[in-house]
Amino acid sequence: MTATDEGSMPRARPRAWAAGLLGLLAAGMGQIYLGKYRRAFLLAAMVVLSKSIGLVLIGAGAGPLISMLAVGWSVAIGAAAWAAMSVIRDPTARRKRTALWVYPAYWLAITIAGAAPVPVLLHLVGYHTFSIPSAAMAPSVLAGDFIVAQELKTPATVKHGDIIVFWMANKSGGKSIYLKRVIGLSEDKVEMDNDIVFVNGERLDQKSDGEFKIALDSHSVTNARRSTEHWPNGRAYDVLDVQSYGPLDNMAARAVPKGALFVMGDNRDRSLDSRAPQFGFVPVENVTGVAKYVVYSKDLARIGARLDR
């Protein structure tokens, strides 16, 4: 065996498939494998930049999941191809020895660096994230979901059927944040007759859509009647009825005061909302945003679901 001029063992030729695979695991890891550390740091910076681009796409109206995946995977695939082609194009390339701990350390660092700026960047483009603790808005929004809401520019933009984020004063003198659906706008008249909603005398028809399993508490689950509620303007969404002839299923007509909103939860029998005297109407100045997307859910099929339709 012949030693090199430096008196060390000859370095092995890198494998293109290994460089490409590592690049897919984390942008820049393929470059770490090749010993191209400056290139790796450049790609790490591009990952953070890609978050900004993805969030700009969200602000332009694109779905957050599609935007983030498209930009993120574009960077990862580009980095992997760059690493693999570096090996293929240079037949004299030799792999520098890199300690094994460097790979998981780099992956962890780039994951944190990529995720850390997301809340700040979302705020810059007028969006905020919220975690949902209750099932009051099921089945549209489930307990444990994370949603993105667009900051409200003016209360005049709120429409019938919007899911809004707002605050109400609580007993301790602070503010509690709520997520509900707008049923009545300022000066509307809202009425309920056996779980059917009437707004300004117009009936919101419901069409049965089977059943939906809903948790009553941490130990029990029940089947709720699921229906699609239709507005005359064509807007539609699903609502739940857990209890027939429940205490909130009927309500005499109420006029919404000027500068206020009438809100309800989609889980009609498990929502504290404007139907209850202790909750009342929501001042429009308390509204902070309109819900747009589900960005995380235990039900992975719901990730990316739009809430503004």
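**The sheet and its edge**

Modeller: Strand 1 and strand 2, the latter covering residues 146-151, run antiparallel to each other and are joined over five bridges. Strands here are DSSP runs of E of at least two residues, and helices are runs of H or I of at least four residues, both numbered from the N terminus; two strands count as paired if DSSP finds at least two bridges between them. This is a predicted model, in which local features need pLDDT of at least 70 and side-chain atom pairs count only at pLDDT 80 or more, while totals for chains, interfaces and linings use all residues. Residues are numbered from 1 along each chain as its sequence is written, and side-chain values use heavy atoms, with hydrogens and water left out.

Within this pair of strands, His-128 has Ala-149 of strand 2 as its bridge partner. Stepping back, the two strands belong to an open sheet of seven strands, whose order is 1-2-14-3-4-12-13 and whose pairing is antiparallel. Strand 1, at residues 127-131, is an edge strand of this sheet, and so is strand 13, at residues 282-283, since each pairs on one side only.

Leu-21, in turn, has its place in helix 1.
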